[in-house]
Amino acid sequence: MKTVQDWQEYSRPRAVSVEYHRRKTSNFLTGQQANISALIGVLQPESVLCMGAGYLNDIPMEDLAAQGCAVHLADWLPDVSRHAFLHDLVQLVGERYACLVCRQAKNPTDYCGNFNLETNLTSRADRVAADATVCGNFEVDEARPPHCRAYLPGINPIFHEADVTQGRAVDFAEQIPKLIARTKSPRKSFAKAITKLRSMKSGIGVPMADGSVDLITSSMVASQFDFEPFSYFQKCILQNFSSGVVEKDKNHLKDWELEFRNDLFRFLMEGHCREIVRLLRPNGRVYFSIETAHRRAGSREWFQPETLPATLELIGTYFNFDFDAVPGILAPEFAQTGTDGTSLIQSYILSAKSPMN
Ligand SMILES: C[S@@+](CC[C@H](N)C(=O)[O-])C[C@H]1O[C@@H](n2cnc3c(N)ncnc32)[C@H](O)[C@@H]1O
């Protein structure tokens, strides 16, 4: 038997810069960011959890800081949201440096232990009126991007390295090498994986108390749930079996892959819904967005993502819609993807039907 790469190693993010990700995806997600901003303005939440926060392309950090709420950023990739936050903290605006915390935060000391209260205007309104963009302790390091040498992380934002499918994606992925190693052919690996999924339960999700969050965002995350575990499964098949054995099963691989991928997605999406319901306060709201149609670069054809029916079915099982919360923000939106395709994105505001965990 050949050795296969383990999941932890496979899923570790490659060392690419925040700027690279910004170039690839930020335009794609500006509409999402505007929607979440509008929702924060209307709901005035005290606590917000952004699931799949990633590189924060769609997370309106300035508005969250101005709101003064507890901000939780969760992604299964370690430290990506932290890097993105630090990347954006200090910006050169015209000829002046502006710090997101000093300028925008309602409670700046929550964000930076070195925010200088004595020599500066303490209320956000005063700081905005005086056009104060940095505090008295600001000391620039003109690196690229610039940052403040005095910045001392505070209690906000709170970064969680967490699997937002209630631990299901990671728990399953970690078992893949062993599962495949115990079978004699790709066909048997797929059959065993499907059986395994049917017997699995939830594991550990976001380390936060039940019923503790006013607003949860899940923007353009669900469409990605199955992608990495599935790609990893395919890679393990190729690493584990000789090309001759894979060749023998070749004609059926597509059918098995489809069945397995559908089951995998449903399992993960259900974990996600359950995790949201677990964490949401009574009367809390969810901002949820997904791709409902896709057109590849250079093509005229639009197609429906295979995971859409299961996504909508599960959303309907666990949530009600609140179409009136922020009129206008739920309109479908066309957005250019990082690979020059086009997505039709639909956003929803949801409330939990009833506690189900
Ligand atoms: C398309 S991005 C969403 C946009 C993201 N906020 C950004 O700025 O790039 C999807 C994010 O979901 C994360 N993700 C995918 N599956 C996950 C899981 N099971 N648990 C936690 N995060 C997950 C990815 O790591 C990625 O950062």
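**A close look at one part**

A: Happy to, and let's begin with a loop: P157 sits in the loop between strand 6 and strand 7 (158-161). Please keep in mind that this is a predicted model. The peptide bond joining N156 and P157 is cis, with omega about -10°. P145 belongs to the loop between strand 5 (140-141) and strand 6 (147-148). Most peptide bonds are trans, and most residues other than glycine have a negative phi. You will find Q44 in the loop between helix 2 (18-43) and strand 1 (47-51).

Now for the pair of elements. Helix 8 (residues 168-181) packs with helix 9 (residues 186-199) at an angle of about 140°, and their axes are 10 Å apart. The two helices, helix 8 and helix 9, are therefore oblique to each other. Their crossing is right-handed. On the side of helix 8, the contact is made by F172, Q175, L179 and I180, while helix 9 brings S189, K192, A193, K196 and L197. By class, the residues of this contact between helix 8 and helix 9 are 5 nonpolar, 2 polar and 2 charged.

One more stop is the ligand. Of the 20 residues around the ligand, G52, G54, N57, W76 and A169 come nearest. The shell around the ligand has 11 nonpolar, 6 polar and 3 charged residues.

Notes. Residues are numbered from 1 along each chain as its sequence is written. This is a predicted model: local features need pLDDT of at least 70, side-chain atom pairs count only at pLDDT 80 or more; totals for chains, interfaces and linings use all residues. Axes are lines fitted to C-alpha atoms, for helices over the stretch in contact, and angles run from 0 to 180 degrees between N-to-C directions. Helices (H or I, at least four residues) and strands (E, at least two) are DSSP runs, numbered from the N terminus. Angles under 35 degrees count as roughly parallel, over 145 as roughly antiparallel, 65 to 115 as roughly perpendicular and the rest as oblique. A crossing is left-handed if the near helix is turned anticlockwise from the far one by less than a right angle, and right-handed if clockwise. Two residues are in contact if their C-beta atoms, placed from the backbone, lie within 7 Å. Ala, Val, Leu, Ile, Met, Phe, Trp, Tyr, Cys and Pro count as nonpolar, Asp, Glu, Lys and Arg as charged, and the others, Gly among them, as polar. A residue is near a molecule or strand if its C-beta atom, placed from the backbone, lies within 6 Å of it.
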